[in-house]
Amino acid sequence: MEHKFITYIGADQEKVWNTLIQPEGTRSIFFGSVFQTDLLPGSKFAYIGPGNDGEETVHVYGEIIEIDPGRMMQVIEHPGPSYYENHAELTSRITYTLEPAGECTKLTLVNDRFTENHPSFERSEDSWAIILSNLKTLCETGRTLNFGW
């Protein structure tokens, strides 16, 4: 079971990378959440923001498996504790790869290795489409999409 997305973004790799990891970018594209980590292999990470448990809801957490800053990051993630009682047992792997494509950046995102019967598998395809569309729009225009929420 996997989701794979390839998108071309009219911005350089540094801008795309920074949008994926810095608070200003993650708040805009990850539903108000900030990516908290020290960006080292083996380090813990969490996306924290407004949600079921208030302003400091842990939406996703896990461990960085491999990282090449500006080019690639691979993580093992769990859904936050407020989503599923068995959150620690539920995992998937996420790999971001950024490559130059002329004056653009080619972003490949693969979300795979879901634990069996992972309840977020079906929903994650739509969530990634929203996140990546917002990433592309933010990098290219400086604003995100208005979904009417």
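Biologist: What is the relative accessible area of Cys104?

Modeller: This is a predicted model, in which local features need pLDDT of at least 70 and side-chain atom pairs count only at pLDDT 80 or more, while totals for chains, interfaces and linings use all residues. Residues are numbered from 1 along each chain as its sequence is written, and side-chain values use heavy atoms, with hydrogens and water left out. Buried stands for under 20% relative accessible area and exposed for over 50%, with partly exposed in between, using a 1.4 Å probe and protein chains only. Cys104 is classed as partly exposed because its relative accessible area is 31%.

Biologist: Is Cys139 buried or exposed?

Modeller: Cys139 is in no disulfide, its nearest cysteine sulfur being that of Cys104. The relative accessible area of Cys139 is 2%, so this residue is buried.

Biologist: In what order do the elements of the protein run?

Modeller: Helices (H or I, at least four residues) and strands (E, at least two) are taken as DSSP runs and numbered from the N terminus. The protein has 3 helices and 7 strands. From the N terminus on, these elements follow the order β-α-α-β-β-β-β-β-β-α.

Biologist: What radius of gyration does the protein have?

Modeller: The C-alpha trace spans about 45 × 35 × 30 Å along its principal axes. The radius of gyration is taken over C-alpha atoms, and the globule rule is 2.2 Å times the number of residues to the power 0.38. For 149 residues a compact globule would come near 15 Å, so the protein agrees with this expectation at 15 Å.

Biologist: How much of the accessible surface belongs to carbon and sulfur atoms?

Modeller: Buried residues make up 46% of the 149 residues in the protein. Accessible areas come from the Shrake-Rupley method with a 1.4 Å probe, and for residues only the protein chains shown count as cover. The accessible surface of the protein comes to about 8000 Å², and the share of carbon and sulfur atoms is 49%.

Biologist: Which residues does Trp128 contact beyond its neighbours in sequence?

Modeller: Contact is taken as heavy atoms within 4.5 Å. With neighbours within four places in sequence left aside, the partners of Trp128 are Phe5, Phe30, Ile94, Tyr96, Leu109 and Asn111.

Biologist: How many residues of strand β5 are buried, and over how many bridges does β5 pair with β6?

Modeller: Strand β5 (residues 72–79) is largely enclosed by the rest of the structure, because 7 of its 8 residues are buried. Two strands pair if DSSP finds at least two bridges between them. Strand β4 (residues 54–68) runs antiparallel to β5 and is joined to it by 8 bridges, with Pro79 as the bridge partner of Val60. Strand β6 (residues 92–101) also pairs with β5 in the antiparallel sense, and the number of bridges is 6.

Biologist: Which residues does Gln74 contact, its sequence neighbours aside?

Modeller: Gln74 lies in strand β5 and, at 14% relative accessibility, counts as buried. Leaving aside neighbours within four places in sequence, Gln74 is in contact with Glu63, Ile64, Ile65, Glu66, Arg93, Ile94 and Thr95.

Biologist: Is Thr91 buried or exposed?

Modeller: Thr91 has its place in the loop between β5 and β6, where its contacts outside four places in sequence include Ile76, Arg113 and His118. The relative accessibility of Thr91 is 18%, so the residue counts as buried.

Note on methods. Disulfide = S-S within 2.5 Å.
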